Amino acid sequence: MEQFSPIKRSKDGQAVRYLIVDDSVFARKNLARIIESFGGEIAGEAGDGMTAITEYERCKPDIALMDITMPQMEGIEAAEKIVQQNPDARIVMVSSVGYQENIVAALQRGARHFVQKPVKPEVLYEVIKYVLGEDGVVAATAGAGA
Amino acid sequence: MKMELIQPFINAADAVLSQGLNSPMEIGNLTMEKEAYRRKGVAAMVELSGDIEGRVIFDAAPQTAAKIASQLAGMELPESDSLVREAVCELANQVIGNAVATLNDQGFHFRVHPPHLHTSEHGPKITPNTEALVLCFETSSGSVFMNIALNYGSSVKGSASSVSA
């Protein structure tokens, strides 16, 4: 997999910490692989919306990547509940069901961005940089891509 | 099934499989089946409800599924690895999700249920006025089958004739 210039937290230069939420183990592993290629750290994982809320409170990640279609509680509802408790939460919806209504609903309920599956690493990389804004900084490394 | 409903599934499978496997694919056989579905290998089923209701099954021989999963995971996975089954479910989720996104933007409203493994040899009986459309995609890793059985939901039955998949 292509390696990207690491994205660090600007406040302390540490790796950006991610919570990955997806009911598919395969999708979580795939996202984790992509995140690691950005120099990120996996702070937690969850397979449904209910667990995502608990995990978010436990690990307080810098960014949560959230699937939409999941058992028990879907991603948009979980995102809304997390943002209600944590108004600064940065949640990026990552779903194959990327139609207008879903995207608008997710953004209205507090998600910061939407990435369509299958995830293109270069797209997610740009979205992460955008969502972090001034709280993220791209560390220069020799020979790094993107 | 009307082409307006089929085409998004073909386009989505093309896009997702080509990107995931990093090689072009071809559409092979296209057949209609009236009999109950018979599983070919590792199969994932996604159910839809709303303006269009029914199910789509994504299916591949175990060897093909392992090759596809290995390609997607970036490492060799044996046929017995649970990640192979997970990969087929995720692939189904992505293809069907992308197709549904297109259909939704065309005015059809759905709820997509999470994919689950279809482990029995046969699928649920198809209703008398519904056929399943079986599409075969020839990929660099082998044949992948998509079995689509959909009908217009009750909310649009009044305005459209029954659609057989």
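## Basis of the model

Residues are numbered from 1 along each chain as its sequence is written, and chains are lettered from A and ligands numbered from 1 in the order in which they are written. The model is predicted, so local features need pLDDT of at least 70 and side-chain atom pairs count only at pLDDT 80 or more, while totals for chains, interfaces and linings use all residues.

## Chain B in outline

Chain B has four helices and seven strands. Helices (H or I, at least four residues) and strands (E, at least two) are DSSP runs, numbered from the N terminus. The order from the N terminus is α-β-β-β-α-α-β-β-β-β-α.

Chain B holds 165 residues, and 45% of them are buried. A residue is buried if 20 or more other C-beta atoms lie within 10 Å of its own, exposed if 12 or fewer, and partly exposed in between, with C-beta atoms placed from the backbone. Take the contacts in chain B between residues at least 6 apart in sequence: 67% of these join residues at least 24 apart. Two residues are in contact if their C-beta atoms, placed from the backbone, lie within 7 Å.

## Where the chains meet

Ala, Val, Leu, Ile, Met, Phe, Trp, Tyr, Cys and Pro count as nonpolar, Asp, Glu, Lys and Arg as charged, and the others, Gly among them, as polar.

## The nonpolar core

The largest nonpolar core has 92 residues. Such a core is a set of buried Ala, Val, Leu, Ile, Met, Phe, Trp, Tyr and Cys residues joined through C-beta atoms within 7 Å. The residues with the most contacts inside it are Ala64(A), Leu65(A), Met66(A), Phe58(B) and Val88(B). H3(B) gives the most to this core, with 12 residues.

Leaving aside residues up to four places away in sequence, Val88(B) touches Val42(B), Ala44(B), Phe58(B), Ala60(B) and Ala65(B).

## Two helix pairs

In chain B, H1(B) and H3(B) pack at about 135°, with their axes 8 Å apart. Axes are lines fitted to C-alpha atoms, for helices over the stretch in contact, and angles run from 0 to 180 degrees between N-to-C directions. The two helices are therefore oblique to each other. Angles under 35 degrees count as roughly parallel, over 145 as roughly antiparallel, 65 to 115 as roughly perpendicular and the rest as oblique. The crossing of H1(B) and H3(B) is right-handed. A crossing is left-handed if the near helix is turned anticlockwise from the far one by less than a right angle, and right-handed if clockwise. Contact residues of H1(B) include Phe9(B), Ala12(B) and Val16(B), and those of H3(B) include Leu91(B), Val95(B) and Ala99(B). The contact residues divide into 11 nonpolar, four polar and no charged.

In chain A, the axes of helix H2 (residues 49–59) and helix H3 (residues 75–85) come within 9 Å and cross at roughly 25°. That makes H2(A) roughly parallel to H3(A). The crossing of H2(A) and H3(A) is right-handed. H2(A) brings Gly49(A), Ala52(A), Ile53(A) and Tyr56(A), while H3(A) brings Gly75(A), Glu77(A), Ala78(A), Lys81(A) and Ile82(A). Five of these contact residues are nonpolar, two polar and two charged.

## Backbone details in the loops

Most residues other than glycine have a negative phi, and most peptide bonds are trans. The peptide bond from Lys117(A) to Pro118(A) is cis, with omega near -5°. Pro118(A) sits in the loop between strand S6 (113–116) and helix H5 (121–132) of chain A.

Gln72(A) has a positive phi, near 65°. Its loop runs between strand S4 (63–66) and H3 of chain A. Gln72(A) is partly exposed, with 14 other C-beta atoms within 10 Å. Asn22(B) also has a positive phi, near 60°. Asn22(B) lies in the loop between H1 and strand S1 (26–33) of chain B. Asn22(B) is exposed, with 10 other C-beta atoms within 10 Å.
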